[in-house]
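Thanks for coming. I will go through some side-chain contacts, starting with charged pairs and then turning to aromatic rings.

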Amino acid sequence: MDDKRRLILDQALALVDERGLAAMSMRAVAERVGLTSMALYPYVGGKDALLDGLVDLLHLELGTAVGDDLADIDWRRRLRALGRAVRALAHAHPSAFPLLLNRSAAGASASWLTAALRGILHDAGVGDGEVPRLARMICAFLLGYTTGEVTGGLPLVEPVACPGDAEFDADLEDLLGLVERAVHAPEPH
């Protein structure tokens with residue numbers, strides 16, 4: 001990613017973190033980087049492209065948080081680490097994080113989450129025909145749960161059997177069980 005583009009996206013993300021997504025405009029971002037609004041266009045395009053850039057930046061941050069040296073780690077530990085990294089990213093950027101759920105992935109790194117999930121499922125021994133479906137299901141859970149958590153959109157059920165971290169960890173264990181059942185399920189005819 002070009003240094004100037006990265007600076008602009010970093011400042012746009014900081015602006016969203018500080019003041020919320022509604023406060024992000026080309027003018028507000030331009031002021032943060034000392035440019036005019038028009039000077040942003042060669043680097044980030046219009047506002048829609050800027051939002052796509054934020055999606056790309058969030059995926060890059062997620063990939064950095066999870067790390068590259070996961071190939072030798074058991075798929076179960078990798079799935080747990082990925083889930084916790086998604087949740088940490090949501091809490092680090094609660095105003096921007098819903099973009100991952102609400103906007104199509106645009107940049108080169110935007111397919112990182114899907115690729116990571118597919119790799120985990122492949123390494124777990126899930127059949128090729130089931131990998132896309134399970135990857136979508138796990139991605140929907142991770143993004144949906146964490147978006148609901150940071151936006152207050154998750155319904156509270158009383159009494160809460162497993163609040164906060166414990167509930168999320170229990171849900172990750174349920175996902176592990178789902179993957180294990182998919183590995184051991186007979187192939188459909």
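**Salt bridges and aromatic pairs**

R6 and D10 form a salt bridge, their closest N and O atoms being 3.0 Å apart; the term means a side-chain nitrogen of Lys or Arg within 4 Å of a carboxyl oxygen of Asp or Glu. This is a predicted model, where local features need pLDDT of at least 70 and side-chain atom pairs pLDDT 80 or more, while totals for chains, interfaces and linings use all residues. Residues are numbered from 1 along each chain as its sequence is written, and side-chain values use heavy atoms, without hydrogens and water.

R6 and D10 both lie in helix α1 (residues 3-19), four residues apart, about one turn. Helices here are DSSP runs of H or I, at least four residues, numbered from the N terminus.

By the salt bridge rule, the count is twelve. Another one joins R76 and E180, with the closest N and O atoms 2.9 Å apart. That pair links distant parts of the chain, R76 in helix α5 (residues 75-92) and E180 in helix α9, 104 residues apart.

Now the rings. There are three aromatic pairs, meaning Phe, Tyr or Trp rings (six-membered ring for Trp) with centres within 6.5 Å; planes under 30 degrees apart are stacked, over 60 edge-to-face, the rest tilted. F141 and Y145 make a tilted pair, 5.4 Å centre to centre and 45 degrees between planes. Y145 and F168 are tilted too, because their planes are at 50 degrees, with centres 5.2 Å apart. F141, Y145 and F168 form one aromatic cluster.

Notes
Helix = DSSP H or I, 4+ residues; strand = E, 2+ residues; numbered from the N terminus.
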